Amino acid sequence: QSSAPSLTSESNSIMLVPAGDHYTMIDFATAYFREAQSMQGLKGMSAEKKSAANLVQHTKVPIQESLLCYSDSELNDLATKNFKTLMQFMGDQSKPKKQDEVECIYEILQLCKEKESLHDEVYCQVIKQVTCNPNQESVLRGWLLLNLLTGYFLPSNILMPYATKFLQLASSDPSSTHHDIAKICQSNLRKNFMYGGRRHLPFPVEIGALLKGRSARRLTILMPGGMEYLTRIKTFTVAKELLQEICEQMGASEQEEIQEFVLFAIRSDSNNLGKPIRSEEYLHDYLLEDKLVTVTLRRLIWRTPLHFENKIYTDVHYGQMLWDYLNGRILLRHSKEMEMQVGILAMLQHWAKTKQHNAALSREELKEYMPKTLQSSIKLQALEKHVGMLLRTRQPLQRVDAKIQFMEHMMKLPFFGYTTYFVERVSDDTIPAPCFFGVNTEEIIAVDGTIQEVSCIIPLKELQNMRTLQPVSDGGLPGIELNYGSAASPKTMWVELSQAKEMYHTIVVILDKTELHH
């Protein structure tokens with residue numbers, strides 16, 4: 001007795017696009033379907049093929065045993081129960097009064113989530129029920145389910161080439177009503193193979209929208225500088241695809257530069273703590289039904305030289321640098337030289353904001369142009385005098401040129417390019433706390449909160465591993481444990497900060513993205 005196909009560890013050897021006439025579902029049924037075993041004695045190959053063809057065609061009668069052979073009777077029972085649920089969803093059998101179609105889909109997806117060994121069985125059941133099915137509405141529902149299955153769960157290595165061939169044949173027949181959805185299923189399967197499939201089952205509202213033919217969901221991405229980017233994402237859109245789309249709109253088409261941007265998911269019910277979305281992650285895994293999640297765009301890495309021929313690109317970069325500068329995300333050391341810089345940057349902000357270049361600058365406006373971290377240490381009156389003199393004596397710039405000059409000044413600041421976090425406690429007593437930790441593509445640095453001096457440097461290439469830490473007590477702060485150094489001289493440090501998870505995931509994303517550059 002043959003056993004059901006099972007997943008092996010050799011997933012990288014999956015043949016995704018079989019060629020020729022091999023690997024049809026009839027071939028698979030002949031080799032692996034339970035019923036095919038009893039047909040082995042039939043005379044002639046054509047008779048055997050014809051009988052096997054019936055095994056992968058639509059039936060009006062529920063199956064009494066699983067299509068594949070399982071020695072475990074529980075799996076056999078779950079398989080036959082699933083086939084009934086599938087028939088009810090597709091409209092081939094009447095549903096219990098209290099059960100709706102969304103619940104049917106949920107039941108099938110939940111089974112696949114809990115029982116990996118039934119993935120092939122469920123695939124075969126759905127493929128059987130959409131093949132030679134005379135009811136077009138029923139066929140469409142079967143394909144909608146295949147759309148979800150292919151994006152969530154992979155068939156085993158044994159079934160994969162046959163399932164792929166089935167989708168390939170279905171998508172290459174332009175006369176069929178389902179060749180478009182078959183192409184989507186092919187794409188889902190490819191993404192699932194590369195990125196691992198969506199982690200969370202869909203919300204009922206998402207399934208309901210799919211059943212009504214709405215396969216895309218509107219999403220607003222908040223861009224730096226207060227701009228919004230409106231888009232539509234599909235059930236299995238990954239962050240990489242959306243980043244590519246946004247960057248193309250900004251005139252950034254080089255893959256190396258696209259890699260330097262990241263999308264953040266920010267929850268409004270958790271003090272606006274954010275988590276960077278890795279490029280291979282599915283956006284729907286971050287979006288909640290209650291719209292508490294906002295997706296924002298940030299540039300995280302600054303290796304590729306900036307170019308300002310595109311207005312959206314210029315405004316996005318100016319918006320990010322301006323916000324970071326004013327809100328303490330770029331560390332600034334107070335000095336006489338910095339005071340002069342603050343004056344020049346205030347003038348450039350003023351020119352970037354208004355067309356009346358010679359317009360007087362009010363004290364309230366000037367305060368808006370000052371970084372919050374320096375407002376207490378810079379005398380406003382002296383700054384007002386300095387900026388007034390600059391506005392009278394300097395040749396005004398066009399708004400776009402003022403923005404570009406502002407960015408050029410920003411990029412010369414000593415801590416530009418670091419993503420910074422306010423850390424309240426550190427295990428290393430040579431680091432004065434509270435302090436700031438900064439992360440860029442090369443290193444993690446600890447910076448004194450008052451004199452802005454670097455007190456510790458951890459090169460990223462020396463980072464061995466890290467983990468997040470739960471708060472030690474109620475009301476305490478979460479943390480990160482960093483293990484770094486060499487095998488001969490290992491070191492460990494822990495830090496406590498409210499943004500521990502964001503900092504941890506940002507380091508992970510930076511390591512991911514810089515790996516791609518090497």
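Is Cys132 buried or exposed, and what is its relative accessible area?

Tutor: This is a predicted model, in which local features need pLDDT of at least 70 and side-chain atom pairs count only at pLDDT 80 or more, while totals for chains, interfaces and linings use all residues. Residues are numbered from 1 along each chain as its sequence is written, and side-chain values use heavy atoms, with hydrogens and water left out.

Cys132 is exposed, at a relative accessible area of 55%. The cut-offs are these: buried is under 20%, exposed is over 50%, and partly exposed is in between, with a 1.4 Å probe and protein chains only. The backbone of Cys132 has a positive phi of about 55°, although the residue is not a glycine. Its place is the loop between α6 (119-130) and α7 (136-152). Helices here are DSSP runs of H or I with at least four residues, strands are runs of E with at least two, and both are numbered from the N terminus.

In α6, 12 of the 12 residues are buried, so the helix is largely enclosed by the rest of the structure. Among the buried residues of α6 are His119, Asp120, Glu121 and Lys128, as well as Val122, Ile127 and Val130. The length of α6 can be checked too: at 1.5 Å a residue its 12 residues should span 16 Å, and the end C-alpha atoms are 17 Å apart, which agrees. The expected span is 1.5 Å times one less than the number of residues.

A UniProt annotation from an unreviewed entry, "domain: MyTH4", covers residues 58-211. UniProt positions are in the numbering used here, feature names are shortened, and annotations may be inferred rather than shown by experiment. The span 58-211 is 64% helix and 0% strand, and its end C-alpha atoms lie 21 Å apart.

Now the whole chain. It is divided into domain 1 (25-212), domain 2 (216-299), domain 3 (325-411) and domain 4 (419-516), with bounds from an automatic or database domain assignment. Between the C-alpha centres of domain 1 and domain 3 there are 64 Å.

Next come the cores. A nonpolar core is a set of buried Ala, Val, Leu, Ile, Met, Phe, Trp, Tyr and Cys residues joined through side-chain atoms within 4.5 Å. The largest one has 62 residues, and Leu348 and Phe406 are among those touching the most other members. Helix α14 (residues 336-353) gives this core its largest share, 9 residues. Both domain 2 and domain 3 supply residues to the core, so it lies between them. Apart from this core lies another, of 58 residues, including Ala36, Leu86, Leu111 and Cys185.

Gln452, however, is buried, with a relative accessible area of 5%. Another loop, between β7 (425-426) and β8 (435-439), holds Pro434. The peptide bond joining Ala433 and Pro434 is cis, with omega about 0°.
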